Amino acid sequence: MVLDEDFNSDTDTTFGPNGNWVREVQLGGFGNGEFEMATSSSNNSYTSNGYLYITPTLTSNVIGSDAVFNGYTYNLTDCTYNSTTPGANPGSSNITGFDAAAYYQACGAVSNSTTGTIINPIQSARITTLNKASIRYGRVEVRAKLPRGDWLWPAIWMLPVNDTYGPWPLSGEIDIMESRGNARSYPDQGIDYVRGSLNWGPLSFLNAVYKTFGWWTQRRTDYGEGFHTYTLEWTDSFLRIYVDTRLHYMLELSFNEPFFTRGDFPSVVQNGTEPIVLQNPWINGTNATPFDQPFYLILNLAVGGTNGWFPDNAGNKPWLDNSKTAMLDFAQAQDTWYPTWGSDGESSSLIVDSVKMWELC
(Lines give C-alpha, C1' and ligand atoms only; values in the text may rest on other atoms or scores of the structure.)
Protein backbone atom coordinates (compact mmCIF):
# COMPACT_ATOMS: atom_id res chain seq x y z
CA MET A 1 0.00 0.00 0.00
CA VAL A 2 1.33 3.42 -0.96
CA LEU A 3 -1.67 5.53 0.16
CA ASP A 4 -4.40 4.91 2.76
CA GLU A 5 -6.31 8.17 3.21
CA ASP A 6 -9.48 8.44 5.30
CA PHE A 7 -9.50 12.26 5.68
CA ASN A 8 -9.78 12.14 9.46
CA SER A 9 -6.98 14.72 9.73
CA ASP A 10 -7.76 18.42 9.62
CA THR A 11 -7.49 20.42 6.41
CA ASP A 12 -4.10 21.93 7.25
CA THR A 13 -2.61 18.47 7.84
CA THR A 14 -4.19 16.98 4.73
CA PHE A 15 -2.65 19.63 2.47
CA GLY A 16 0.39 20.51 4.59
CA PRO A 17 4.03 19.65 3.85
CA ASN A 18 3.56 16.18 5.33
CA GLY A 19 0.07 15.64 3.92
CA ASN A 20 -0.83 13.36 1.03
CA TRP A 21 -2.31 16.05 -1.21
CA VAL A 22 -1.16 19.10 -3.16
CA ARG A 23 -3.53 21.73 -4.51
CA GLU A 24 -3.03 22.85 -8.11
CA VAL A 25 -3.79 26.55 -8.46
CA GLN A 26 -4.49 28.15 -11.83
CA LEU A 27 -7.24 29.47 -14.08
CA GLY A 28 -6.09 28.59 -17.61
CA GLY A 29 -8.78 25.96 -18.28
CA PHE A 30 -6.44 22.93 -18.07
CA GLY A 31 -6.53 22.32 -21.81
CA ASN A 32 -10.31 21.77 -21.77
CA GLY A 33 -11.48 25.38 -21.74
CA GLU A 34 -12.95 24.83 -18.28
CA PHE A 35 -14.78 27.77 -16.69
CA GLU A 36 -13.61 27.34 -13.09
CA MET A 37 -10.37 28.44 -11.48
CA ALA A 38 -8.63 25.94 -9.20
CA THR A 39 -7.80 27.63 -5.90
CA SER A 40 -5.98 26.83 -2.66
CA SER A 41 -8.87 28.23 -0.62
CA SER A 42 -10.39 26.13 2.15
CA ASN A 43 -13.75 27.26 0.74
CA ASN A 44 -13.11 24.93 -2.21
CA SER A 45 -11.16 22.01 -0.72
CA TYR A 46 -11.39 21.02 2.92
CA THR A 47 -11.95 18.11 5.30
CA SER A 48 -14.85 17.75 7.72
CA ASN A 49 -16.12 14.80 9.79
CA GLY A 50 -13.89 12.32 7.98
CA TYR A 51 -14.71 13.47 4.45
CA LEU A 52 -12.89 15.50 1.83
CA TYR A 53 -15.05 18.13 0.15
CA ILE A 54 -14.31 19.71 -3.22
CA THR A 55 -16.89 22.48 -3.45
CA PRO A 56 -17.56 24.97 -6.26
CA THR A 57 -18.33 28.56 -5.27
CA LEU A 58 -19.13 31.75 -7.16
CA THR A 59 -16.22 34.10 -7.84
CA SER A 60 -18.70 36.95 -7.46
CA ASN A 61 -18.93 36.06 -3.75
CA VAL A 62 -15.30 37.23 -3.47
CA ILE A 63 -14.96 40.15 -5.88
CA GLY A 64 -18.56 41.08 -6.68
CA SER A 65 -20.58 40.39 -9.82
CA ASP A 66 -19.61 43.57 -11.67
CA ALA A 67 -15.88 42.79 -11.33
CA VAL A 68 -16.36 39.36 -12.92
CA PHE A 69 -17.62 41.01 -16.11
CA ASN A 70 -15.67 44.24 -16.46
CA GLY A 71 -12.75 46.32 -15.29
CA TYR A 72 -11.03 43.91 -12.91
CA THR A 73 -7.64 42.19 -12.88
CA TYR A 74 -7.53 38.94 -10.94
CA ASN A 75 -4.18 37.36 -10.09
CA LEU A 76 -3.62 34.02 -8.38
CA THR A 77 -0.70 34.95 -6.14
CA ASP A 78 -0.09 31.29 -5.23
CA CYS A 79 -0.42 30.02 -8.80
CA THR A 80 1.29 26.64 -9.21
CA TYR A 81 1.78 26.90 -12.98
CA ASN A 82 5.24 25.66 -13.91
CA SER A 83 6.38 25.25 -17.49
CA THR A 84 8.51 22.25 -16.49
CA THR A 85 5.85 20.39 -14.49
CA PRO A 86 5.52 16.86 -15.93
CA GLY A 87 2.28 15.14 -16.78
CA ALA A 88 0.16 18.21 -17.36
CA ASN A 89 -2.59 18.71 -19.89
CA PRO A 90 -1.94 20.90 -22.94
CA GLY A 91 -2.56 24.54 -22.25
CA SER A 92 -1.40 24.22 -18.67
CA SER A 93 2.20 23.11 -18.35
CA ASN A 94 3.56 21.38 -21.45
CA ILE A 95 5.73 24.29 -22.50
CA THR A 96 9.48 24.08 -22.90
CA GLY A 97 11.25 26.83 -20.97
CA PHE A 98 9.47 29.67 -19.25
CA ASP A 99 6.75 31.30 -21.30
CA ALA A 100 5.64 34.54 -19.62
CA ALA A 101 2.50 34.84 -21.75
CA ALA A 102 1.43 31.29 -20.97
CA TYR A 103 2.19 31.84 -17.29
CA TYR A 104 -0.02 34.92 -17.17
CA GLN A 105 -2.78 33.13 -19.05
CA ALA A 106 -2.75 30.39 -16.39
CA CYS A 107 -2.35 32.68 -13.37
CA GLY A 108 -4.27 35.86 -14.13
CA ALA A 109 -7.35 37.16 -15.91
CA VAL A 110 -8.77 40.56 -16.83
CA SER A 111 -12.47 41.26 -17.30
CA ASN A 112 -13.38 43.51 -20.21
CA SER A 113 -16.98 43.88 -21.37
CA THR A 114 -15.84 45.26 -24.73
CA THR A 115 -13.89 42.12 -25.67
CA GLY A 116 -16.20 39.72 -23.83
CA THR A 117 -13.43 38.38 -21.59
CA ILE A 118 -14.35 37.71 -17.96
CA ILE A 119 -12.84 36.44 -14.73
CA ASN A 120 -13.52 32.71 -14.33
CA PRO A 121 -16.98 32.80 -12.70
CA ILE A 122 -16.47 29.68 -10.54
CA GLN A 123 -13.86 28.79 -7.94
CA SER A 124 -13.21 25.10 -7.32
CA ALA A 125 -10.28 22.78 -6.60
CA ARG A 126 -7.98 20.22 -8.17
CA ILE A 127 -5.80 18.17 -5.82
CA THR A 128 -3.11 15.62 -6.65
CA THR A 129 -0.65 13.14 -5.15
CA LEU A 130 2.21 14.26 -7.42
CA ASN A 131 5.52 13.75 -5.58
CA LYS A 132 3.48 12.19 -2.73
CA ALA A 133 2.16 8.86 -4.01
CA SER A 134 2.22 7.11 -7.37
CA ILE A 135 2.02 3.55 -8.71
CA ARG A 136 3.24 1.61 -11.71
CA TYR A 137 0.67 -1.19 -11.89
CA GLY A 138 -1.57 -1.90 -8.93
CA ARG A 139 -4.96 -0.89 -7.62
CA VAL A 140 -6.77 2.35 -6.76
CA GLU A 141 -10.01 2.58 -4.78
CA VAL A 142 -11.84 5.88 -4.23
CA ARG A 143 -15.11 5.92 -2.31
CA ALA A 144 -16.99 9.06 -3.25
CA LYS A 145 -20.35 10.74 -3.67
CA LEU A 146 -20.75 12.76 -6.85
CA PRO A 147 -22.02 16.35 -7.09
CA ARG A 148 -25.42 17.27 -8.45
CA GLY A 149 -25.83 20.37 -10.56
CA ASP A 150 -25.88 21.40 -14.21
CA TRP A 151 -22.47 21.55 -15.95
CA LEU A 152 -20.52 20.13 -12.97
CA TRP A 153 -17.76 17.76 -14.12
CA PRO A 154 -16.22 15.64 -11.34
CA ALA A 155 -13.23 13.44 -12.10
CA ILE A 156 -11.01 10.83 -10.45
CA TRP A 157 -8.05 10.25 -12.74
CA MET A 158 -4.32 9.72 -13.16
CA LEU A 159 -1.44 11.26 -15.10
CA PRO A 160 2.13 10.03 -15.57
CA VAL A 161 4.72 11.31 -13.11
CA ASN A 162 7.06 11.87 -16.05
CA ASP A 163 6.18 12.49 -19.68
CA THR A 164 8.38 9.56 -20.70
CA TYR A 165 6.93 9.26 -24.20
CA GLY A 166 6.21 12.94 -24.79
CA PRO A 167 3.56 15.54 -23.89
CA TRP A 168 -0.12 14.68 -23.45
CA PRO A 169 -1.56 12.38 -24.69
CA LEU A 170 1.62 10.58 -25.80
CA SER A 171 2.39 9.43 -22.24
CA GLY A 172 -1.20 8.49 -21.45
CA GLU A 173 -4.00 9.39 -19.04
CA ILE A 174 -6.16 7.03 -16.96
CA ASP A 175 -9.68 8.24 -16.16
CA ILE A 176 -11.10 6.11 -13.33
CA MET A 177 -14.33 8.13 -13.11
CA GLU A 178 -15.81 11.07 -14.94
CA SER A 179 -19.41 12.20 -14.76
CA ARG A 180 -21.77 15.08 -15.41
CA GLY A 181 -23.79 16.67 -12.62
CA ASN A 182 -26.76 17.30 -14.89
CA ALA A 183 -30.04 15.60 -13.99
CA ARG A 184 -31.07 12.18 -15.25
CA SER A 185 -33.20 13.90 -17.91
CA TYR A 186 -30.04 15.29 -19.55
CA PRO A 187 -29.83 13.62 -23.01
CA ASP A 188 -26.06 12.91 -23.05
CA GLN A 189 -25.55 10.86 -19.87
CA GLY A 190 -26.17 12.86 -16.71
CA ILE A 191 -25.48 11.98 -13.08
CA ASP A 192 -26.91 8.46 -13.46
CA TYR A 193 -23.85 7.57 -15.61
CA VAL A 194 -20.15 7.23 -14.78
CA ARG A 195 -17.44 6.74 -17.37
CA GLY A 196 -13.95 5.24 -17.40
CA SER A 197 -11.43 5.74 -20.20
CA LEU A 198 -7.82 5.82 -21.38
CA ASN A 199 -6.42 8.82 -23.27
CA TRP A 200 -3.48 8.10 -25.59
CA GLY A 201 -2.21 9.08 -29.01
CA PRO A 202 0.92 9.78 -31.06
CA LEU A 203 0.36 13.55 -31.46
CA SER A 204 -0.94 16.33 -29.21
CA PHE A 205 -4.03 16.69 -31.40
CA LEU A 206 -4.60 12.95 -32.03
CA ASN A 207 -6.28 11.29 -29.04
CA ALA A 208 -7.64 7.74 -29.49
CA VAL A 209 -9.77 7.83 -26.33
CA TYR A 210 -12.79 6.90 -28.47
CA LYS A 211 -11.30 3.40 -28.79
CA THR A 212 -10.87 2.84 -25.04
CA PHE A 213 -13.83 4.05 -22.99
CA GLY A 214 -17.01 2.73 -21.44
CA TRP A 215 -19.63 3.50 -18.80
CA TRP A 216 -22.01 2.12 -16.21
CA THR A 217 -25.43 3.48 -15.32
CA GLN A 218 -27.88 3.43 -12.41
CA ARG A 219 -31.38 2.45 -13.45
CA ARG A 220 -33.44 3.79 -10.54
CA THR A 221 -31.19 6.33 -8.85
CA ASP A 222 -27.97 8.25 -9.53
CA TYR A 223 -24.40 8.64 -8.31
CA GLY A 224 -25.21 11.75 -6.29
CA GLU A 225 -27.59 9.79 -4.06
CA GLY A 226 -24.89 8.02 -2.03
CA PHE A 227 -21.31 6.78 -1.91
CA HIS A 228 -19.84 4.38 -4.45
CA THR A 229 -16.38 2.87 -4.83
CA TYR A 230 -14.53 3.59 -8.06
CA THR A 231 -11.76 1.09 -8.71
CA LEU A 232 -8.81 0.68 -11.06
CA GLU A 233 -7.00 -2.66 -11.44
CA TRP A 234 -3.89 -2.37 -13.60
CA THR A 235 -1.12 -4.80 -14.53
CA ASP A 236 1.30 -5.17 -17.44
CA SER A 237 -1.27 -7.37 -19.21
CA PHE A 238 -4.66 -5.72 -18.58
CA LEU A 239 -6.50 -2.75 -17.14
CA ARG A 240 -9.98 -2.76 -15.58
CA ILE A 241 -12.09 0.17 -14.30
CA TYR A 242 -15.34 -0.49 -12.44
CA VAL A 243 -17.79 0.87 -9.88
CA ASP A 244 -18.63 -1.12 -6.71
CA THR A 245 -18.14 -4.58 -8.25
CA ARG A 246 -16.19 -6.11 -11.14
CA LEU A 247 -19.53 -6.97 -12.72
CA HIS A 248 -20.13 -3.22 -13.11
CA TYR A 249 -17.09 -2.57 -15.25
CA MET A 250 -16.83 0.58 -17.32
CA LEU A 251 -13.66 -0.49 -19.13
CA GLU A 252 -11.93 -3.87 -19.35
CA LEU A 253 -8.94 -3.88 -21.65
CA SER A 254 -6.45 -6.62 -22.40
CA PHE A 255 -3.00 -5.40 -23.45
CA ASN A 256 -2.97 -7.94 -26.27
CA GLU A 257 -1.56 -5.68 -28.99
CA PRO A 258 0.62 -2.55 -29.14
CA PHE A 259 -1.30 0.69 -28.71
CA PHE A 260 0.02 2.03 -32.00
CA THR A 261 -1.53 -1.00 -33.72
CA ARG A 262 -4.72 -0.62 -31.69
CA GLY A 263 -5.02 2.99 -32.84
CA ASP A 264 -4.97 2.05 -36.53
CA PHE A 265 -3.64 5.54 -37.24
CA PRO A 266 -3.11 6.84 -40.78
CA SER A 267 0.48 6.99 -42.03
CA VAL A 268 0.19 10.71 -42.75
CA VAL A 269 -1.97 13.30 -40.96
CA GLN A 270 -2.61 16.97 -41.69
CA ASN A 271 -1.84 19.73 -39.20
CA GLY A 272 -3.49 22.62 -40.97
CA THR A 273 -1.92 22.51 -44.42
CA GLU A 274 1.23 20.72 -43.29
CA PRO A 275 1.40 16.93 -43.74
CA ILE A 276 3.00 15.00 -40.87
CA VAL A 277 4.38 11.49 -41.32
CA LEU A 278 3.19 9.64 -38.23
CA GLN A 279 5.87 8.04 -36.07
CA ASN A 280 5.24 5.42 -33.39
CA PRO A 281 6.31 7.09 -30.09
CA TRP A 282 6.10 3.71 -28.29
CA ILE A 283 8.23 1.74 -30.79
CA ASN A 284 10.59 0.37 -28.11
CA GLY A 285 7.86 -0.39 -25.57
CA THR A 286 5.58 -3.31 -24.72
CA ASN A 287 1.87 -3.92 -25.34
CA ALA A 288 1.18 -1.88 -22.18
CA THR A 289 3.10 1.20 -23.36
CA PRO A 290 2.43 4.07 -22.63
CA PHE A 291 0.62 2.64 -19.59
CA ASP A 292 3.82 1.11 -18.19
CA GLN A 293 5.12 4.05 -16.15
CA PRO A 294 4.34 5.49 -12.67
CA PHE A 295 1.07 7.46 -12.52
CA TYR A 296 -0.21 9.75 -9.75
CA LEU A 297 -3.80 10.46 -8.71
CA ILE A 298 -5.93 13.58 -9.28
CA LEU A 299 -9.30 14.50 -7.75
CA ASN A 300 -11.04 17.54 -9.18
CA LEU A 301 -14.35 19.21 -9.83
CA ALA A 302 -14.45 21.16 -13.08
CA VAL A 303 -17.31 23.30 -14.37
CA GLY A 304 -18.22 23.51 -18.04
CA GLY A 305 -15.59 23.56 -20.76
CA THR A 306 -15.22 23.73 -24.51
CA ASN A 307 -13.68 20.33 -25.33
CA GLY A 308 -16.97 18.55 -26.06
CA TRP A 309 -17.54 16.80 -22.73
CA PHE A 310 -20.83 18.74 -22.72
CA PRO A 311 -22.01 18.48 -26.34
CA ASP A 312 -23.39 21.57 -28.03
CA ASN A 313 -27.17 21.98 -28.16
CA ALA A 314 -27.85 19.30 -25.53
CA GLY A 315 -29.76 19.97 -22.33
CA ASN A 316 -30.20 23.72 -22.98
CA LYS A 317 -26.45 24.26 -22.83
CA PRO A 318 -25.98 28.04 -22.66
CA TRP A 319 -22.71 28.23 -24.62
CA LEU A 320 -21.16 26.90 -27.83
CA ASP A 321 -17.73 25.30 -27.69
CA ASN A 322 -16.26 27.25 -30.61
CA SER A 323 -17.58 30.61 -29.39
CA LYS A 324 -15.01 33.18 -28.29
CA THR A 325 -17.42 34.22 -25.53
CA ALA A 326 -18.24 30.72 -24.22
CA MET A 327 -17.32 31.52 -20.60
CA LEU A 328 -19.21 34.81 -20.74
CA ASP A 329 -22.30 33.09 -22.15
CA PHE A 330 -22.11 30.49 -19.38
CA ALA A 331 -21.77 33.14 -16.67
CA GLN A 332 -24.66 35.19 -18.01
CA ALA A 333 -26.91 32.12 -17.75
CA GLN A 334 -26.25 31.75 -14.01
CA ASP A 335 -29.96 32.02 -13.19
CA THR A 336 -30.60 28.79 -15.12
CA TRP A 337 -27.82 26.54 -13.75
CA TYR A 338 -26.95 27.85 -10.29
CA PRO A 339 -30.30 26.88 -8.69
CA THR A 340 -29.65 23.25 -9.74
CA TRP A 341 -26.56 23.17 -7.49
CA GLY A 342 -28.64 23.32 -4.31
CA SER A 343 -28.36 25.87 -1.53
CA ASP A 344 -26.29 23.97 1.06
CA GLY A 345 -23.00 23.66 -0.85
CA GLU A 346 -22.99 19.95 -0.08
CA SER A 347 -25.12 18.62 -2.94
CA SER A 348 -22.84 20.36 -5.46
CA SER A 349 -19.67 19.01 -3.81
CA LEU A 350 -17.53 16.04 -4.75
CA ILE A 351 -17.39 14.28 -1.36
CA VAL A 352 -14.65 11.69 -0.86
CA ASP A 353 -14.72 9.22 2.01
CA SER A 354 -11.46 7.36 1.37
CA VAL A 355 -8.64 6.86 -1.12
CA LYS A 356 -6.50 3.73 -1.25
CA MET A 357 -3.60 2.99 -3.61
CA TRP A 358 -1.61 -0.22 -3.81
CA GLU A 359 1.38 -0.91 -6.04
CA LEU A 360 1.81 -4.35 -7.56
CA CYS A 361 4.89 -5.96 -6.02
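Let me begin with Asp 222, which is buried, at 8% relative accessibility. The cut-off for buried here is under 20%. Please keep in mind throughout that this is a predicted model.

What does the side chain of Asp 222 meet? It forms a salt bridge with the side chain of Arg 148, at 3.0 Å from N to O. Arg 148 sits in the loop between strand E12, residues 138–145, and strand E13, residues 152–160, while Asp 222 sits in the loop between strand E16, 213–217, and strand E17, 228–234; the pair therefore ties together parts that are 74 residues apart in sequence.

Arg 148 itself is partly exposed, with 29% relative accessibility. Its side chain also meets that of Glu 225 in a salt bridge, at 2.9 Å from N to O. Glu 225 is in the loop between E16 and E17 and Arg 148 in the loop between E12 and E13, so this pair ties together parts 77 residues apart in sequence. Is Glu 225 buried or exposed? At 53% relative accessibility, Glu 225 counts as exposed.

How many salt bridges does the structure hold? The count is 13. Another of them joins the side chains of Glu 233 and Arg 246, again given as N to O, at 2.9 Å. Here Glu 233 belongs to strand E17, and Arg 246 to the loop between strand E18, residues 238–243, and strand E19, residues 249–254; the two are 13 residues apart. Glu 233 is buried, with a relative accessible area of 6%. Arg 246, at 48% relative accessibility, is partly exposed, because the exposed class starts over 50%.

That pair is also part of a network of salt bridges, which links Arg 139, Glu 141, Glu 233, Arg 240, Arg 246 and Glu 252.

Next, a sheet. Three strands form an open sheet, in the order E3-E9-E6, with mixed pairing. Its edge strands are E3, residues 36–38, and E6, residues 57–58, and each of these pairs on one side only. E6 is joined to strand E9, residues 122–124, by two bridges, and these two strands run antiparallel. Which residue of E9 is the bridge partner of Leu 58? That partner is Ile 122.

Now the backbone, starting with cis peptide bonds. One joins Trp 168 and Pro 169, with omega at about 0 degrees. Pro 169 lies in the loop between E13 and strand E14, residues 173–178. Another cis bond joins Thr 289 and Pro 290, with omega at about 15 degrees. Pro 290 is found in the loop between strand E21, 274–277, and strand E22, 295–303.

Finally, positive phi values outside glycine. Asn 49 has a phi of about 55 degrees. It lies in the loop between strand E4, residues 45–48, and strand E5, residues 51–54, and is exposed, with a relative accessible area of 74%. For Asn 316, phi is near 60 degrees. This residue is in the loop between E22 and helix H6, residues 326–332. Asn 316 is exposed too, with a relative accessible area of 76%.

That is what I had; I will take questions now.

Conventions
Residues are numbered from 1 along each chain as its sequence is written. This is a predicted model: local features need pLDDT of at least 70, side-chain atom pairs count only at pLDDT 80 or more; totals for chains, interfaces and linings use all residues. Side-chain values use heavy atoms; hydrogens and water are left out. Two strands pair if DSSP finds at least two bridges between them. Helices (H or I, at least four residues) and strands (E, at least two) are DSSP runs, numbered from the N terminus. A salt bridge is a side-chain nitrogen of Lys or Arg within 4 Å of a carboxyl oxygen of Asp or Glu. Buried means under 20% relative accessible area, exposed over 50%, partly exposed in between (1.4 Å probe, protein chains only).
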